[in-house]
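Visitor: Please walk me through this structure. I would like to learn how to read its main features.

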Amino acid sequence: MQAARMFLDASGSSPMTNRTLEAFHSGLADGWADPSRLHTESRRARQLVDASREALAEALGSRPEHTFLTQSPHLGIERALAGIFTARRGRDRIVASAVERDATLHAAHHLTGGNVTTVPVDRLGHVDLDVLAGELAVPDVALAAVQHANHEIGTVQRLDAVAEAAAAAKVPLLVDATASIGHGPAPEHWDAMVANPADWGGPAGLGVVAMRPRTRWLPAWPEGDDWAPGGLLVPAVLAAAVALQERLEQRDATQGRLRGLVDRVRSTAATWPGVDVVGDPDERLPHVVTFSCLYVDGEALLSRLDREGIAVGSGSACTTSTLEPSRVLAAVGALSHGNVRLGLHPGVSDADVSRLLALMPRVLADLRAEAGAPEL
(Lines give C-alpha, C1' and ligand atoms only; values in the text may rest on other atoms or scores of the structure.)
Protein backbone atom coordinates (compact mmCIF):
# COMPACT_ATOMS: atom_id res chain seq x y z
CA MET A 1 0.00 0.00 0.00
CA GLN A 2 1.43 3.36 -1.05
CA ALA A 3 2.05 5.80 1.80
CA ALA A 4 0.02 9.01 1.88
CA ARG A 5 1.68 12.10 0.45
CA MET A 6 3.31 14.53 2.84
CA PHE A 7 3.57 18.26 2.18
CA LEU A 8 6.66 19.61 3.97
CA ASP A 9 7.17 22.77 1.90
CA ALA A 10 4.91 25.19 3.80
CA SER A 11 7.40 28.04 3.78
CA GLY A 12 5.55 30.62 1.72
CA SER A 13 2.36 28.64 1.12
CA SER A 14 0.52 26.47 3.64
CA PRO A 15 -2.54 24.24 3.17
CA MET A 16 -5.85 25.88 4.02
CA THR A 17 -7.83 24.40 6.90
CA ASN A 18 -11.53 23.57 6.75
CA ARG A 19 -12.31 26.69 8.73
CA THR A 20 -10.46 28.86 6.21
CA LEU A 21 -12.10 27.12 3.26
CA GLU A 22 -15.52 27.67 4.83
CA ALA A 23 -14.70 31.38 5.19
CA PHE A 24 -13.67 31.52 1.55
CA HIS A 25 -16.91 29.89 0.44
CA SER A 26 -18.89 32.27 2.65
CA GLY A 27 -17.07 35.15 0.97
CA LEU A 28 -18.08 33.82 -2.43
CA ALA A 29 -21.71 33.85 -1.33
CA ASP A 30 -21.74 37.26 0.37
CA GLY A 31 -18.83 39.16 -1.14
CA TRP A 32 -19.18 38.67 -4.87
CA ALA A 33 -20.18 42.29 -5.63
CA ASP A 34 -17.77 45.14 -6.33
CA PRO A 35 -17.07 46.67 -2.88
CA SER A 36 -16.40 50.10 -4.41
CA ARG A 37 -20.03 50.65 -5.49
CA LEU A 38 -22.94 51.96 -3.45
CA HIS A 39 -25.78 49.45 -3.68
CA THR A 40 -26.65 46.98 -0.95
CA GLU A 41 -24.72 44.05 -2.43
CA SER A 42 -21.56 46.13 -2.72
CA ARG A 43 -21.94 47.52 0.80
CA ARG A 44 -22.13 43.95 2.07
CA ALA A 45 -18.87 43.12 0.29
CA ARG A 46 -17.28 46.31 1.64
CA GLN A 47 -18.27 45.31 5.19
CA LEU A 48 -16.46 41.98 4.75
CA VAL A 49 -13.32 43.75 3.53
CA ASP A 50 -13.40 46.34 6.32
CA ALA A 51 -13.95 43.77 9.06
CA SER A 52 -11.16 41.59 7.67
CA ARG A 53 -8.82 44.57 7.44
CA GLU A 54 -9.52 45.41 11.09
CA ALA A 55 -8.70 41.85 12.16
CA LEU A 56 -5.49 41.80 10.11
CA ALA A 57 -4.42 45.20 11.42
CA GLU A 58 -4.94 44.14 15.02
CA ALA A 59 -2.83 41.02 14.54
CA LEU A 60 -0.05 43.04 12.90
CA GLY A 61 -0.07 45.78 15.54
CA SER A 62 -1.27 48.33 13.01
CA ARG A 63 -4.35 50.52 12.49
CA PRO A 64 -6.99 49.64 9.90
CA GLU A 65 -6.70 53.02 8.15
CA HIS A 66 -2.96 52.44 7.75
CA THR A 67 -3.25 48.82 6.62
CA PHE A 68 -3.42 48.24 2.87
CA LEU A 69 -4.23 45.16 0.80
CA THR A 70 -2.51 44.25 -2.46
CA GLN A 71 -2.82 41.41 -4.96
CA SER A 72 0.41 39.80 -3.75
CA PRO A 73 3.10 40.26 -1.10
CA HIS A 74 5.57 41.05 -3.89
CA LEU A 75 3.38 43.93 -5.08
CA GLY A 76 3.09 45.04 -1.48
CA ILE A 77 6.87 45.16 -1.15
CA GLU A 78 7.21 47.06 -4.41
CA ARG A 79 4.58 49.67 -3.50
CA ALA A 80 5.81 50.13 0.06
CA LEU A 81 9.36 50.69 -1.19
CA ALA A 82 8.21 53.02 -3.96
CA GLY A 83 5.89 55.04 -1.74
CA ILE A 84 8.50 55.70 0.94
CA PHE A 85 11.29 56.27 -1.58
CA THR A 86 9.20 58.86 -3.44
CA ALA A 87 8.47 60.73 -0.22
CA ARG A 88 12.18 60.89 0.68
CA ARG A 89 13.17 63.34 -2.03
CA GLY A 90 16.87 64.06 -2.24
CA ARG A 91 17.86 60.65 -0.90
CA ASP A 92 18.58 58.14 -3.63
CA ARG A 93 20.06 55.02 -1.98
CA ILE A 94 18.43 52.00 -0.35
CA VAL A 95 20.20 49.80 2.20
CA ALA A 96 19.13 46.16 2.55
CA SER A 97 20.41 43.01 4.15
CA ALA A 98 22.13 40.49 1.89
CA VAL A 99 19.44 37.88 2.58
CA GLU A 100 16.36 39.90 1.57
CA ARG A 101 13.93 38.46 -0.94
CA ASP A 102 14.71 38.96 -4.61
CA ALA A 103 11.43 40.89 -4.85
CA THR A 104 12.82 43.43 -2.38
CA LEU A 105 16.23 43.76 -3.99
CA HIS A 106 14.85 43.90 -7.54
CA ALA A 107 12.38 46.63 -6.59
CA ALA A 108 15.11 48.57 -4.77
CA HIS A 109 17.44 48.40 -7.79
CA HIS A 110 14.62 49.49 -10.09
CA LEU A 111 13.74 52.49 -7.93
CA THR A 112 17.31 53.68 -7.39
CA GLY A 113 18.85 52.83 -10.74
CA GLY A 114 21.07 50.30 -8.99
CA ASN A 115 22.04 52.47 -6.02
CA VAL A 116 21.50 49.70 -3.46
CA THR A 117 23.87 48.70 -0.68
CA THR A 118 23.59 45.17 0.69
CA VAL A 119 24.78 44.60 4.24
CA PRO A 120 26.47 41.24 4.93
CA VAL A 121 25.24 38.67 7.43
CA ASP A 122 27.12 36.27 9.67
CA ARG A 123 27.16 32.49 9.25
CA LEU A 124 23.85 32.18 11.14
CA GLY A 125 22.14 34.80 8.96
CA HIS A 126 22.15 37.81 11.32
CA VAL A 127 22.80 41.17 9.70
CA ASP A 128 26.08 42.89 10.61
CA LEU A 129 24.81 45.69 12.86
CA ASP A 130 28.02 47.72 12.75
CA VAL A 131 28.07 47.77 8.96
CA LEU A 132 24.36 48.56 8.88
CA ALA A 133 24.73 51.50 11.28
CA GLY A 134 27.64 52.85 9.25
CA GLU A 135 25.68 52.73 6.01
CA LEU A 136 22.59 54.33 7.54
CA ALA A 137 24.67 57.20 8.90
CA VAL A 138 25.33 58.45 5.35
CA PRO A 139 22.65 61.09 4.56
CA ASP A 140 21.82 59.79 1.07
CA VAL A 141 19.86 56.77 2.39
CA ALA A 142 16.14 56.85 1.59
CA LEU A 143 15.18 53.76 3.56
CA ALA A 144 16.42 50.45 4.96
CA ALA A 145 14.92 47.02 4.23
CA VAL A 146 15.57 44.27 6.78
CA GLN A 147 13.39 41.19 7.06
CA HIS A 148 11.96 39.94 10.34
CA ALA A 149 12.85 36.32 9.64
CA ASN A 150 14.38 34.52 6.71
CA HIS A 151 11.99 32.31 4.77
CA GLU A 152 14.79 29.98 3.71
CA ILE A 153 16.99 29.33 6.75
CA GLY A 154 14.57 30.45 9.48
CA THR A 155 16.88 32.91 11.25
CA VAL A 156 15.04 35.70 13.08
CA GLN A 157 16.76 39.07 12.86
CA ARG A 158 17.50 41.16 15.95
CA LEU A 159 15.10 43.89 14.94
CA ASP A 160 15.38 45.83 18.19
CA ALA A 161 18.98 46.70 17.37
CA VAL A 162 18.22 47.18 13.66
CA ALA A 163 15.38 49.58 14.44
CA GLU A 164 17.54 51.45 16.94
CA ALA A 165 20.19 52.05 14.25
CA ALA A 166 17.54 53.16 11.73
CA ALA A 167 15.88 55.50 14.21
CA ALA A 168 19.21 57.04 15.19
CA ALA A 169 19.86 57.82 11.51
CA LYS A 170 16.23 58.92 10.97
CA VAL A 171 15.86 56.37 8.18
CA PRO A 172 12.51 54.56 7.68
CA LEU A 173 12.68 50.80 8.20
CA LEU A 174 10.73 48.45 5.92
CA VAL A 175 10.34 45.01 7.51
CA ASP A 176 9.53 41.98 5.38
CA ALA A 177 7.45 39.82 7.75
CA THR A 178 6.16 37.51 5.02
CA ALA A 179 7.78 34.47 6.68
CA SER A 180 6.98 35.20 10.32
CA ILE A 181 3.43 36.47 10.83
CA GLY A 182 1.29 33.65 12.18
CA HIS A 183 4.30 31.68 13.47
CA GLY A 184 5.24 33.86 16.43
CA PRO A 185 4.75 37.37 17.81
CA ALA A 186 4.54 40.09 15.18
CA PRO A 187 7.58 42.39 15.08
CA GLU A 188 7.21 45.54 17.17
CA HIS A 189 9.77 47.80 15.51
CA TRP A 190 9.06 48.92 11.94
CA ASP A 191 7.96 51.91 9.92
CA ALA A 192 6.42 49.77 7.19
CA MET A 193 5.76 46.05 7.18
CA VAL A 194 4.64 43.49 4.58
CA ALA A 195 2.91 40.17 5.33
CA ASN A 196 1.89 37.17 3.23
CA PRO A 197 -1.45 35.46 4.02
CA ALA A 198 -0.53 32.33 2.05
CA ASP A 199 2.30 31.71 4.51
CA TRP A 200 -0.12 31.41 7.46
CA GLY A 201 -2.62 29.25 5.58
CA GLY A 202 -4.65 31.89 3.77
CA PRO A 203 -5.22 32.04 0.02
CA ALA A 204 -2.45 33.00 -2.36
CA GLY A 205 -2.81 36.18 -4.39
CA LEU A 206 -2.99 38.63 -1.49
CA GLY A 207 -0.50 40.82 0.35
CA VAL A 208 -0.83 43.03 3.43
CA VAL A 209 1.08 46.28 3.95
CA ALA A 210 1.08 48.14 7.27
CA MET A 211 2.37 51.68 7.67
CA ARG A 212 2.99 53.58 10.89
CA PRO A 213 1.00 56.84 11.04
CA ARG A 214 4.29 58.75 11.18
CA THR A 215 5.69 57.10 8.05
CA ARG A 216 5.62 59.44 5.08
CA TRP A 217 4.83 57.93 1.71
CA LEU A 218 3.53 59.19 -1.61
CA PRO A 219 1.80 57.27 -4.41
CA ALA A 220 4.43 56.27 -6.95
CA TRP A 221 1.96 54.72 -9.37
CA PRO A 222 -0.63 55.95 -11.91
CA GLU A 223 -3.23 58.43 -10.70
CA GLY A 224 -6.41 56.69 -9.60
CA ASP A 225 -4.70 53.42 -8.73
CA ASP A 226 -4.96 52.25 -5.14
CA TRP A 227 -2.59 49.79 -3.49
CA ALA A 228 -4.58 47.10 -5.31
CA PRO A 229 -5.25 48.35 -8.84
CA GLY A 230 -8.22 46.55 -10.32
CA GLY A 231 -9.60 45.52 -6.96
CA LEU A 232 -9.35 42.55 -4.63
CA LEU A 233 -10.94 39.13 -4.40
CA VAL A 234 -13.18 39.66 -1.37
CA PRO A 235 -13.42 35.95 -0.41
CA ALA A 236 -9.60 35.81 -0.26
CA VAL A 237 -9.49 38.80 2.10
CA LEU A 238 -12.04 37.21 4.42
CA ALA A 239 -10.30 33.83 4.34
CA ALA A 240 -6.92 35.46 5.08
CA ALA A 241 -8.28 37.12 8.21
CA VAL A 242 -9.94 33.91 9.42
CA ALA A 243 -6.80 31.86 8.74
CA LEU A 244 -4.66 34.28 10.74
CA GLN A 245 -7.13 34.31 13.63
CA GLU A 246 -7.06 30.50 13.67
CA ARG A 247 -3.25 30.44 13.64
CA LEU A 248 -3.06 32.93 16.51
CA GLU A 249 -5.57 30.96 18.57
CA GLN A 250 -3.50 27.80 18.18
CA ARG A 251 -0.06 29.41 18.03
CA ASP A 252 1.26 28.52 21.48
CA ALA A 253 0.52 24.82 21.17
CA THR A 254 1.46 24.59 17.49
CA GLN A 255 4.64 26.61 17.83
CA GLY A 256 6.00 24.40 20.61
CA ARG A 257 5.21 21.18 18.77
CA LEU A 258 6.68 22.30 15.44
CA ARG A 259 9.76 23.71 17.15
CA GLY A 260 10.29 20.29 18.70
CA LEU A 261 9.96 18.59 15.32
CA VAL A 262 12.43 20.99 13.73
CA ASP A 263 14.87 20.42 16.61
CA ARG A 264 14.60 16.73 15.88
CA VAL A 265 15.30 17.26 12.17
CA ARG A 266 18.25 19.55 12.94
CA SER A 267 19.88 17.14 15.38
CA THR A 268 19.34 14.06 13.20
CA ALA A 269 20.43 15.69 9.91
CA ALA A 270 23.62 16.92 11.59
CA THR A 271 24.69 13.27 12.06
CA TRP A 272 24.46 12.42 8.35
CA PRO A 273 27.80 12.48 6.48
CA GLY A 274 28.30 15.50 4.25
CA VAL A 275 25.22 17.34 5.55
CA ASP A 276 25.34 20.88 6.95
CA VAL A 277 22.34 22.25 8.88
CA VAL A 278 22.10 26.02 8.42
CA GLY A 279 20.50 28.94 10.23
CA ASP A 280 20.44 29.99 13.88
CA PRO A 281 19.53 26.97 16.07
CA ASP A 282 17.87 29.19 18.69
CA GLU A 283 16.79 32.55 17.22
CA ARG A 284 14.69 31.07 14.45
CA LEU A 285 11.23 30.42 13.11
CA PRO A 286 9.62 27.39 14.77
CA HIS A 287 8.69 25.62 11.53
CA VAL A 288 11.55 26.11 9.03
CA VAL A 289 14.79 24.17 8.66
CA THR A 290 17.27 23.84 5.80
CA PHE A 291 20.23 21.53 5.36
CA SER A 292 22.72 21.24 2.50
CA CYS A 293 23.99 17.93 1.18
CA LEU A 294 27.44 17.53 -0.33
CA TYR A 295 27.70 15.83 -3.76
CA VAL A 296 23.94 15.90 -4.29
CA ASP A 297 22.00 17.77 -6.97
CA GLY A 298 19.06 19.72 -5.54
CA GLU A 299 16.70 18.99 -8.42
CA ALA A 300 17.46 15.27 -8.31
CA LEU A 301 16.92 15.24 -4.54
CA LEU A 302 13.58 17.05 -4.78
CA SER A 303 12.40 14.75 -7.56
CA ARG A 304 13.41 11.57 -5.73
CA LEU A 305 11.60 12.64 -2.55
CA ASP A 306 8.56 13.66 -4.58
CA ARG A 307 8.41 10.17 -6.09
CA GLU A 308 8.47 8.84 -2.54
CA GLY A 309 5.43 10.98 -1.78
CA ILE A 310 7.22 13.76 0.10
CA ALA A 311 7.09 17.38 -1.05
CA VAL A 312 10.04 19.50 0.13
CA GLY A 313 11.69 22.69 -1.07
CA SER A 314 15.09 22.88 -2.70
CA GLY A 315 17.13 25.59 -4.36
CA SER A 316 16.41 29.22 -3.59
CA ALA A 317 13.16 30.20 -1.85
CA CYS A 318 13.70 33.88 -2.65
CA THR A 319 13.50 33.60 -6.43
CA THR A 320 10.65 32.83 -8.78
CA SER A 321 12.60 29.80 -10.01
CA THR A 322 12.81 27.50 -7.00
CA LEU A 323 15.69 25.46 -8.37
CA GLU A 324 18.09 28.39 -8.77
CA PRO A 325 21.16 28.10 -6.49
CA SER A 326 20.40 29.69 -3.15
CA ARG A 327 21.71 33.24 -2.77
CA VAL A 328 20.80 33.13 0.93
CA LEU A 329 22.89 30.02 1.55
CA ALA A 330 25.81 31.59 -0.30
CA ALA A 331 25.49 34.70 1.88
CA VAL A 332 25.91 32.65 5.07
CA GLY A 333 28.80 30.67 3.60
CA ALA A 334 26.89 27.39 3.24
CA LEU A 335 26.76 25.01 0.29
CA SER A 336 24.23 26.54 -2.09
CA HIS A 337 23.43 23.37 -4.05
CA GLY A 338 21.86 20.11 -2.90
CA ASN A 339 19.76 21.65 -0.16
CA VAL A 340 16.52 20.52 1.44
CA ARG A 341 14.20 23.18 2.84
CA LEU A 342 11.38 22.09 5.12
CA GLY A 343 8.42 24.23 6.12
CA LEU A 344 6.19 22.40 8.58
CA HIS A 345 2.51 23.36 8.75
CA PRO A 346 0.27 22.54 11.75
CA GLY A 347 -0.99 19.35 10.12
CA VAL A 348 2.47 17.72 10.03
CA SER A 349 2.76 14.84 12.52
CA ASP A 350 5.60 13.13 14.39
CA ALA A 351 5.11 10.15 12.08
CA ASP A 352 5.59 12.35 9.02
CA VAL A 353 8.93 13.58 10.30
CA SER A 354 9.97 10.05 11.28
CA ARG A 355 9.25 8.86 7.75
CA LEU A 356 11.37 11.62 6.22
CA LEU A 357 14.29 11.06 8.60
CA ALA A 358 14.25 7.32 7.97
CA LEU A 359 14.23 7.81 4.20
CA MET A 360 16.83 10.55 3.78
CA PRO A 361 20.07 8.55 4.37
CA ARG A 362 19.10 6.00 1.71
CA VAL A 363 18.09 8.71 -0.79
CA LEU A 364 21.34 10.60 -0.26
CA ALA A 365 23.42 7.45 -0.63
CA ASP A 366 21.60 6.46 -3.83
CA LEU A 367 21.99 9.90 -5.44
CA ARG A 368 25.67 10.09 -4.58
CA ALA A 369 26.25 6.63 -5.99
CA GLU A 370 24.41 7.53 -9.20
CA ALA A 371 26.56 10.66 -9.55
CA GLY A 372 29.78 8.73 -8.93
CA ALA A 373 30.59 10.84 -5.88
CA PRO A 374 33.28 9.72 -3.44
CA GLU A 375 32.21 7.95 -0.26
CA LEU A 376 31.81 10.13 2.83
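Guide: The largest nonpolar core holds 48 residues, and L60, L136, L173 and W200 have the most contacts inside it. A nonpolar core is a set of buried Ala, Val, Leu, Ile, Met, Phe, Trp, Tyr and Cys residues joined through side-chain atoms within 4.5 Å. Buried means under 20% relative accessible area, exposed over 50%, and partly exposed in between (1.4 Å probe, protein chains only). Helix 7 (residues 234–269) gives the largest share of this core, eight residues. Helices (H or I, at least four residues) and strands (E, at least two) are DSSP runs, numbered from the N terminus.

This is a predicted model: local features need pLDDT of at least 70, side-chain atom pairs count only at pLDDT 80 or more, and totals for chains, interfaces and linings use all residues. Residues are numbered from 1 along each chain as its sequence is written, and side-chain values use heavy atoms, with hydrogens and water left out.

Visitor: Which residues does L173 touch?

Guide: Contact means heavy atoms within 4.5 Å. Leaving out residues up to four places away in sequence, L173 touches A144, V146, V162, A163, A166, H189, W190, D191 and A192.

Visitor: Is F68 buried or exposed?

Guide: F68 is buried, at 14% relative accessible area. W217 is partly exposed, at 25%. F68 also pairs with W227: ring centres are 4.6 Å apart and planes at 10°, so this pair is stacked. W227 is in the loop between strand 8 and helix 7, so its pair with F68 in strand 2 ties together parts 159 residues apart in sequence. W227 is buried, with 2% relative accessibility. F68, W217, W221 and W227 form one aromatic cluster.

Visitor: Where does the charged end of R212 sit?

Guide: A charge sits over a ring if NZ of Lys or CZ of Arg is within 6 Å of the ring centre and within 35 degrees of the ring normal. The charged end of R212 sits over the ring of W190, 3.6 Å from its centre.

Visitor: What lines the largest cavity?

Guide: On a 1 Å grid over the protein atoms alone, a cavity is a set of points where a 1.4 Å probe fits but cannot get out; lining residues have an atom within 4 Å of a point. Grid points are joined across faces, edges and corners, and a volume is the space filled by probe spheres set on the points. The largest cavity has a volume of about 80 Å³. Its lining includes G182, H183, R247, Q250 and R251.

Visitor: Where does K170 lie?

Guide: K170 lies in the loop between helix 6 (159–169) and strand 6 (173–176). Phi of K170 is near 55°, a positive value in a residue other than glycine. K170 is exposed, with a relative accessible area of 70%.

Terms used:
Phe/Tyr/Trp six-rings, centres within 6.5 Å; stacked < 30°, edge-to-face > 60°. 1 Å grid on protein atoms, 1.4 Å probe; cavity = no way out; pocket = protein on both sides within 12 Å on 5 of 7 lines; lining within 4 Å.
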